[in-house]
Structure formats: C-alpha cells, structure tokens
Amino acid sequence: MPVGVGLAEEARPHRLIPQAELLAALQTASGAKVTRRLAIFSSVVITFIVTVTESTVVILLVYRDSRLHTPMYFLLRHLSFMDILHSSNIVPQIVTDFLSDSRAISFAGCGFQIFPSLTLLGGECLLLVPMSDDRYVAICHPLCYPILMNDDVSLLMATGGWFVGTVNSIVHTAYALHFSFCGSRAIAHSFCEVPAMLKLSCVDTTHYEGVYVSGIVFLLTPCSLSFASYVQILLTVLQTKSPEAQKKSFSISSVHMIVVIMYYGPLIFTHMRPKSYHLPGQDKLLAIFYTILTPTLNPLIYSFRNKDVLDAMKNMLKTNFLHKNSRKNY
C-alpha cells in the first residue's frame, strides 16, 4: 500500500500502518490461522459490545435511581463513560481495518487516536484513586464519610481527573508527534500508541523517554494510593468480629485490588520503559488489559455485584414492563 511523505518534514510520513495482530494477512494465512484470527476478531467485537452495553446500563441506573446518587456511584458513572469512550476509540478502527482490508491510518488520524487515548487513560488512572478512597473512608472511618466524601468533593475529583488527563494528553501527543519518522512506517501494534510510535523515530527520543514525571503522577502514585487503601481496608476488616462481614468485605476488596493491579500493572510496564526494551508482541498483549479486558470487568466488579445496583436494575425493568403493558391496555 503506498505511503505518502511530506507533512512538515520530508522524513515525516503521511500515513502510518498499524500492524494489527488481530487482523493481519488473512489472505496469505492458512485455513487454521484464518479461523483463529476470525475467532479472535469476533471475541474482540463481542467484548466491545458487552463493554458498551454494561457501561451504558450503569450510567442509566445511576442517573435514574435516587438510591445510587452517592459519591461512589457518581465517580463510577464517570468511569463507565471513560470506558465507553476509550473502547470506542480503539475497537471501531480495528473493525474498520478488518472489513475494508486496509491497515493504514493517516498521520493525523494516528494523532487523533493517541490524544483521546491518553486523556482517558490518565483520567481513569486518577479516578480510581477517589473510588478506592471512598471505600476506605466508608469502611474504616464511616462517621467521617459525609464530610470527607460529599457531592462537592466527588465533583472536584471527577472534574480534576478529566482536566489533568486532558492537559497531560495535549503535552504528550504534541511532543510525540513532533519527532521525525523515517524508514519503516509500520507500527508494531494493534493501534497508535506513543511507545510504538517512538520505535519508528529516526531521531533521539531520550529526552522524551526521560520525562517520568507524568508516569509518577498518573501511574505509580495513584497505584500506590489505591493499593494502600485496599490493604488498609483488609486490615480493618480482619479486626472485625463478624465472620460474615469479614467474608463480604474481604471478597469485595480483594477483587478490587486485582482490578487495580490488572489496570495499572500493564500501563506501568508499557509506558515507563525505554523504547529499546519494548517488544511488539508483548506490548500488544499488555494493551489488551487496559483497552479491552479491564473496561469490561469494571461494571461487573464495581456495580453488578452490588445489591443496590441489582435492585435498581430490577426496578427499572419492572417499571418499563409495567409501562409497556399500560400502553397496550390503553
């Protein structure tokens, strides 16, 4: 496929070609490989549909049911919206490439894919901290909950996550795209991501890679704070005398800790390593966790295991059912 050159510089490509592992070379693959790739592609599409459906249901439930108008579910609504946007930023491009048999994306298109991706990843990294703090305050300091976790605080935290994530994304997107790219223009990744693009640069990117401030702000610090909150919750729960309360709280907190590790771990491993240590297959596998798997698990972990959410869902279905019957009778 022809690749044009000549944006701001001659060495800068006009089109970049993501080597999507899920979609590559169906024409030349054997029958077994075709079947395997189609199966993987179908799984990605189904997972995307499930993610969007789950997150949309969570947003509607929190909006409609007054019992869910709490700081935790307010933050969860923003998390669900971020998951929808992030999945929609990645998966449709893969589907389009598969259906059109084209694996090319323009240089500008790559930038437009990187910007929302970094915005949403950064915002979600920051948003997971107040969500873990909410559980910590509710379990360890319940009497202080109305003061420490009120509507104003949750609104400030959610707005701050969006704002700081956007500013960080503007800086990193502009910085990464100003490099000159030469030689191979095939991105060894399923989508446009900064570490994969830096591998194509023919100039020294050491200064960019040496800027770990954002990595500390968006990855190491939030991960440490979230992990510390859940550890403190577990220690507090173990001191309670009720075996039933211990079992319930331990189950919830341990699952939340697993989700935090699954989300922050791959991000830290991907975005805080020098480009010389990046392996294409490894980066593609790690990206699955924070682009596909975790957004699918978030509604299940934070919402659908909760009795209040299940009751709200039953009430919504019951209300819709009664409304339809009344319209038929009328």
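Q: In what order do the elements of the chain run from the N terminus on?
A: The order is β-α-α-β-α-α-α-β-α-α-α-α-α-α, with eleven helices and three strands in the chain. Helices (H or I, at least four residues) and strands (E, at least two) are DSSP runs, numbered from the N terminus. The model is a predicted one, in which local features need pLDDT of at least 70 and side-chain atom pairs count only at pLDDT 80 or more, while totals for chains, interfaces and linings use all residues. Residues are numbered from 1 along each chain as its sequence is written, and side-chain values use heavy atoms, with hydrogens and water left out.

Q: Why is α2 called roughly antiparallel to α3?
A: Helix α2 (residues 71-100) and helix α3 (residues 107-140) pack at about 155°, their axes lying 9 Å apart. Such axes are lines fitted to C-alpha atoms, for helices over the stretch in contact, and angles run from 0 to 180 degrees between N-to-C directions. Angles under 35 degrees count as roughly parallel, over 145 as roughly antiparallel, 65 to 115 as roughly perpendicular and the rest as oblique. The angle of about 155° therefore makes α2 roughly antiparallel to α3.

Q: What makes α3 and α9 oblique to each other?
A: The axes of α3 and helix α9 (residues 243-271) cross at roughly 135° and come within 12 Å. The pair is therefore oblique.

Q: What is the hand of the crossing of α3 and α9?
A: This crossing is left-handed, a term used if the near helix is turned anticlockwise from the far one by less than a right angle (right-handed if clockwise). The crossing in which α2 passes α3 is also left-handed.

Q: Why does the contact of Arg67 and Asp65 count as a salt bridge?
A: A salt bridge is a side-chain nitrogen of Lys or Arg within 4 Å of a carboxyl oxygen of Asp or Glu. The N to O distance between Arg67 and Asp65 is 3.1 Å, so their side chains meet in a salt bridge. The structure holds two salt bridges. Arg135 forms one with Asp134, where the closest N and O atoms are 2.6 Å apart.

Q: Why is Asp65 called buried?
A: Buried means under 20% relative accessible area, exposed over 50%, and partly exposed in between (1.4 Å probe, protein chains only). Asp65 has 12% relative accessibility and therefore counts as buried, whereas Arg67, at 42%, counts as partly exposed.

Q: How is it known which class Asp134 and Arg135 belong to?
A: Asp134 has a relative accessible area of 0% and is therefore buried. Arg135, at 25% relative accessibility, counts as partly exposed. Of the 330 residues of the chain, 45% count as buried.

Q: What makes Phe163 count as exposed?
A: Its relative accessibility is 58%, so Phe163 counts as exposed. Phe163 has its place in helix α5 (residues 151-177). Together with Val164, Val167 and Val171, Phe163 makes a nonpolar surface patch of about 350 Å².

Q: Why are Val57 and Ala108 called partly exposed?
A: Val57 has a relative accessible area of 22% and is therefore partly exposed. Ala108 is partly exposed because its relative accessible area is 47%. Val57 is found in helix α1 (residues 31-64), and Ala108 in helix α3.

Q: How far is Ala108 from Leu177 in space?
A: Ala108 and Leu177 are 9.3 Å apart, C-alpha to C-alpha, and 69 residues apart in sequence.

Conventions
Patches are made of residues with over 30% relative accessible area and no salt bridge: like charges are joined within 9 Å, nonpolar side chains (Val, Leu, Ile, Met, Phe, Trp, Tyr) within 5 Å. Accessible areas come from the Shrake-Rupley method with a 1.4 Å probe; for residues, only the protein chains shown count as cover.
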